[in-house]
Amino acid sequence: MTLSVALGPDTQEGTRTGTEESTDFLAAPDIPWNLVIWNDPVNLMSYVSYVFQSYFGYSETKANKLMMEVHKKGRSIVANGSKEQVERHAVAMHGFGLWATVEKASGGPGGNSGKSGGSGQGKGKRG
């Protein structure tokens, strides 16, 4: 009897047959995740900048730059890190009334951290 498990693209497949056991193990690389803030018709630009400064501790210059990316490009990656960390940030952003989603960084470790852009996947999730 062979037991196979469907795995995501970031994991290695392991198989178990009869009494034989594979020594391979599941290993998911530590892929960074991005926190994306989306433009919305509700929040003022000054408020978005204020949230970035007060929550993340960003300088006014950096907060304004990220806010302008949100305003002009429709989205901005404002933070990255482990999935759990970024999910906590997303929940906090929702608490501030901002439209935030979590996405996998496309370039792997160090990929596109801190830069805006991407496929727009995940848009529409608002909590």
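In what follows, a residue is called buried when its relative accessible area is under 20%, exposed when that area is over 50%, and partly exposed in between, as computed with a 1.4 Å probe on protein chains only. By this criterion, Ala63, Leu66, Met67, Glu69 and Val70 are the buried residues of helix H2. They lie on the same side of H2, because they cover an arc of only 150 degrees around the axis, the arc being that of the directions from the helix axis to the C-beta atoms.

The structure is a predicted model, in which local features need pLDDT of at least 70 and side-chain atom pairs count only at pLDDT 80 or more, while totals for chains, interfaces and linings use all residues. Residues are numbered from 1 along each chain as its sequence is written, and side-chain values use heavy atoms, with hydrogens and water left out.

The protein chain holds 3 helices and 6 strands, where helices (H or I, at least four residues) and strands (E, at least two) are DSSP runs numbered from the N terminus. Their order from the N terminus is β-β-β-β-α-α-β-α-β. Of the 127 residues in the chain, 31% are buried. Contact means heavy atoms within 4.5 Å; among the contacts with a separation of 6 or more, 64% link residues 24 or more positions apart. The accessible surface comes to about 8,000 Å², and carbon and sulfur atoms account for 53% of that area; such areas come from the Shrake-Rupley method with a 1.4 Å probe, and for residues only the protein chains shown count as cover.

Two strands pair if DSSP finds at least two bridges between them. S4 runs antiparallel to S5 and is joined to it by 6 bridges, with asparagine 34 having asparagine 80 as its bridge partner in S5. Another 6 bridges join S4 to strand S6 (residues 99-104), again in antiparallel fashion, and here valine 36 stands opposite threonine 101.

The largest nonpolar core has 19 residues, of which Leu35, Ile37, Phe52, Phe56 and Met93 touch the most other members. A nonpolar core is a set of buried Ala, Val, Leu, Ile, Met, Phe, Trp, Tyr and Cys residues joined through side-chain atoms within 4.5 Å. At least two residues of this core come from each of S4, H1, H2, S5 and helix H3 (83-95). Leucine 35 illustrates the packing: beyond residues up to four places away in sequence, its contacts include Phe56, Val78, Val86, Met93 and Thr101. Phenylalanine 52, found in helix H1, is buried with a relative accessible area of 0%. Phenylalanine 52 and methionine 67 are 15 residues apart in sequence, with 8.2 Å between their C-alpha atoms.

Helix H2 (residues 60-73) has 14 residues and spans 19 Å from its first C-alpha to its last, close to the 20 Å expected at 1.5 Å a residue; the expected span is 1.5 Å times one less than the number of residues. Its buried residues pack against strand S4, helix H1 (45-56) and strand S5 (75-81), whereas Glu60, Thr61, Lys65, Lys72 and Lys73 are exposed on the other side. Histidine 71, also in H2, is partly exposed, with a relative accessible area of 39%. Apart from neighbours within four places in sequence, histidine 71 is in contact with Asn39 and Met45. Just after H2, glycine 74 adopts a positive phi of about 90 degrees.

Val86, His89, Ala90, Ala92 and Met93 are buried in H3. These buried residues fall within an arc of 165 degrees seen down the axis, so they line one face of the helix. They pack against S4, H1, S5 and S6, while Arg88, Val91 and Gly95 are exposed on the other side of H3. Just after H3, glycine 97 takes a positive phi of about 85 degrees.
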